[in-house]
Amino acid sequence: MPLDEVYLDHAGATLTSRSQLDAVHHDLSTHLYGNPHSRGHPSQLTSDTVDQIRCRVLQHFSASSTEYSLIFTSGCTGALKLLAEAFDYQGRAGGYGNKDVGKGHDSDNKGDNSSTLSKNPSTINDSVNEFQSCRKGSFTYLLDNHTSAQGMREYAFQKAGKVQCIDLDIHGNTISHSVLSANDSDLSGNHLFVYPAQSNFSGKKYPVDWIHQVKRGQMPWQQDALKDVNGSKRCENCWFTALDAASLVSTSPLDLGSIKPDFVIISFYKMFGFPTGLGALIVHNKAAHVLKKTYFGGGTVAVSLAKQRFHVSRSSLSQRFEDGTIPFLDIISLRHGFDALNRFYPGGMLDISQMTFTLAQFFHHQLTSCHHGNGSCLAEVYCEDNFQNIETQGAIVTFNLLRANGNYIGFSEVEKLGQLYNIHFRTGCFCNIGACQKYLKMSDEQIQGNFSAGHVCGDDLDLIDGRPTGAVRVSFGYMSTMLDAKKCLQFIVDCFLERCDKQVFCSKNIWQPVGKTVAASDSSKVSEKNNVNTQLLNDITVNASDTQYDNTIVNEEKSSLAQSSNIENTKVSQQLSGKVNKMMVCVEMNFETPSEIRKVNTKLEQLIQNKEHSYGDLNPDIVTMVTEETEEFEACEGRVLADIFLYPVKSCAAFRVPRWPLCSRGLLYDREWMIVMETGIALTQKREYRLCLLRPSIDLLSGQLILAFPGMNVLRLSLTDMVGDQNEASLCNGKVCGDRVSSVDCGVVVADWLSEALCRPGCRLIRQAADDTRASKLKSSTYDSTSSDMRLSLSNESQYLMITQDSTAALHQKILERYQEGDADACFDVNNLVDRFRANLVVRGCSPFEEDTWSSVQIGKLHFQSQGQCSRCQMVCMDQSSGERSGEPLKTLAVWRGKKIPFGIHLGHAWKVERDFTEIQVGDPVFVTI
């Protein structure tokens, strides 16, 4: 991970150390591991190693292999799904090890009654009768459970006699109790209670002694569930507990030897980052008999017949439930993850728990101490004990930010600004709608109303009617440092604290533009700003120096990884061209318009003067637009089209023109090409700042795309031929904003040119296929329907993006005011600001932000539909002339405009039939409807 990145989503997935990956690579390159279902030495080595890993995992949780069995799954969700499918609610009372419940089990309760039933078809009817007369149990889950645990209820609806959701306080007292399903069955079967050891939403740790209380039926909410239909007879010893420990074990110890739950669910990538897609269901051997498996896959049976319903399952619990070939290389790599934890923290999980809790406690205390100038709180933190006790709180801080007037700041806005500062955390409900509903005080009707309003899990619709739909979560892991916490706090204070002197958590500016150094003048400004005399609170258990030892190895790991990455990049650059010095000059030099592009602009001016010239023969896709002649537009009142920009290569520099033809996708050739990395993922300025130095232009007269980059020879590509050699072209699929687009690779020559210019090996230039049918998903403000008939190029959301000079000037003035007050970290001229918004159309002669109210726009004789405001991201913070990034204008927009950080509007138009070409030009009058 780059040293300037701050990663605070360890509850989602922690980081992987380089030493761990090196150890995995060395292991796999020096040993031959074969499929464990095969015979031979490689396969035997795999089987033996996997058995050792099972013991290592159980040992980590203080469990013995004689008491517990471990089933590898695809993750935490896979383990919960397996338990939901297999748990037997219809079993008779009798508790652990009852032989009547599982006929055909061996003495260790590791068998499967399906094998016995399958051997003799005559026994099937008897077992069915027994099944029908069997009593049913119940399924109970906590409101604070992960969605994957909540989803277990769908199986329980079919098999259990009662399904209920409860919310409990720390003492086990019932806060709320919702019965989702109940019938007249005798509830003396097997009961399953699922709850999290630690909430993945708030970090709240739930008591592990609930396990013993539930087994004894001592929890208050159990009393009704234990009664039979007559309300008198009680069923003892048939309660089973499932502990979702995925969130807990990433930073805290878990002693199964003392608490003895029946089922434990874990996920390994939350513990040490790699491998992903691997978890485990740990099963107490005395509870194994309640797992009834139906499906059987490869490796899980001792024998089976294809022509008869006959199979015998394997006796080992893990072999019986691990269908098919297990991911044995991933399992083998677990050893190196545990080794890394032990190497970084010889004191084990207790040390990790103490360190991460200290960081979270510091972050919590400092955040809750921040107040706006009027005394109102900056943050609403969702925590029950204010981080007073490590036994009841994990290393997770979840909150929403508030403005000085008390209005909520949407989590999407916070996330966008966080990305600008290279600070990464998670936002939303974190797949825990129950906890989200509880802490945000949302009713069931509100959640259903939010869904009707268009909000779904994982989207960025963060505020509805002023109320948050989710929150911001900061979580710490074994690689976290005090500096990570301070940088995040500094970001929050700098961006959201209003009307007061701001606390200083970091002794230096936390923002460093990618690939750039801070100029001397800028450094002095930063130093001056950081000299604010505000003292940190001292109400934390330890200070930063106390965690220095714990973080030494982690910092060395990060530094080593970053140094290695830089060396590797240098080697790659040398291999590409042998001109590393030239490349470095390319990055730092100021861009001047090449003579080739000046010639294109001159030719374009000549074409404009030639009224007889037509662009219609250049592209068969050029068509005329149908206008709504009946719609009444307001008088022009001085509104005119001031500028036209197109961006032939997505995310590269703009090509400014005085006049340009249109096509069915927008401006002709706008965002028709895109650069992708060797992985096939689109390369944007968010990942590579040098793209703003790559200047594409279109020569309509010669029919060429011209690419220019500082220090590189100009490259010309034909607009009609995809590549120089037609046989070299290859169809490929790209992805833009979630949409799959059909495209054509433009060949090796331009790929090598781009790789050298950008110092990135493996870059390719692709062009959108002519028959690609990608269309806009935005709704028309007039017709309130999606614009599926508005075809799109490789642009993100719409055919055209429009801004006004007047709104830009107003924003520029606001930035100047904030800069003078010390709230803005950068200042630039208004033309630079216009370039940052990367608009297609720029209008002047309006009131600031009046474009937000427009429903239709007519430019000259052409009619466009407004598709709503454009929500801005950190792209606008990139100086398009130099590649340097700052916090503006996104910070000022967030404070001033709020919500989705809007600036500019999307426009689209519908095409009917191909006719004469259509064009727009600078100076065209602009008419609007409200």
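Visitor: Which residues form the aromatic cluster with Phe193 and Trp221?

Guide: In this predicted model, one aromatic cluster is formed by Phe193, Tyr195, Tyr206, Trp210, Trp221 and Trp239. As the model is predicted, local features need pLDDT of at least 70 and side-chain atom pairs count only at pLDDT 80 or more, while totals for chains, interfaces and linings use all residues. Residues are numbered from 1 along each chain as its sequence is written, and side-chain values use heavy atoms, with hydrogens and water left out.

Visitor: How many aromatic pairs does the structure hold, and why is the pair of Phe193 and Trp221 called tilted?

Guide: The structure holds 29 aromatic pairs. The ring centres of Phe193 and Trp221 are 4.9 Å apart and the planes stand at 45°. Rings of Phe, Tyr and Trp (its six-membered ring) pair if their centres lie within 6.5 Å; planes under 30 degrees apart are stacked, over 60 edge-to-face, and the rest tilted. The pair of Phe193 and Trp221 is therefore tilted.

Visitor: What makes this pair a link between distant parts of the chain?

Guide: Phe193 lies in strand β6 (residues 191–196), whereas Trp221 lies in the loop between α8 (210–215) and α9 (222–226), 28 residues apart. Strands (E, at least two residues) and helices (H or I, at least four) are DSSP runs, numbered from the N terminus. Both Phe193 and Trp221 are buried.

Visitor: What makes strand β4 (residues 162–168) largely enclosed?

Guide: Seven of its seven residues are buried, so β4 is largely enclosed by the rest of the structure. In a regular strand the side chains alternate between the two faces of the sheet. In β4 both faces are covered, with Lys162, Gln164, Ile166 and Leu168 on one side and Val163, Cys165 and Asp167 on the other.

Visitor: How do you know which strands pair with β4?

Guide: Two strands pair if DSSP finds at least two bridges between them. Strand β3 (residues 138–142) and β4 have five bridges and are parallel, with Leu142 opposite Ile166. Seven bridges join β4 to β5, and these strands run antiparallel; Val163 has Ser181 as its bridge partner in β5. A hairpin is formed by β4 and β5 with five residues between them, and Gly172 in the turn has a positive phi of about 90°.

Visitor: Why are β2 (68–73) and β5 (174–182) called edge strands?

Guide: The open sheet has eight strands in the order β2-β9-β8-β7-β6-β3-β4-β5, with mixed pairing. Each of the two edge strands, β2 and β5, pairs on one side only.

Visitor: What places a charge over the ring of Phe828?

Guide: The charged end of Arg836 sits over that ring, 3.8 Å from its centre. The criterion is NZ of Lys or CZ of Arg within 6 Å of the ring centre and within 35 degrees of the ring normal. The charged end of Lys438 likewise sits over the ring of Tyr439, 5.6 Å from its centre.

Conventions. Buried means under 20% relative accessible area, exposed over 50%, partly exposed in between (1.4 Å probe, protein chains only).
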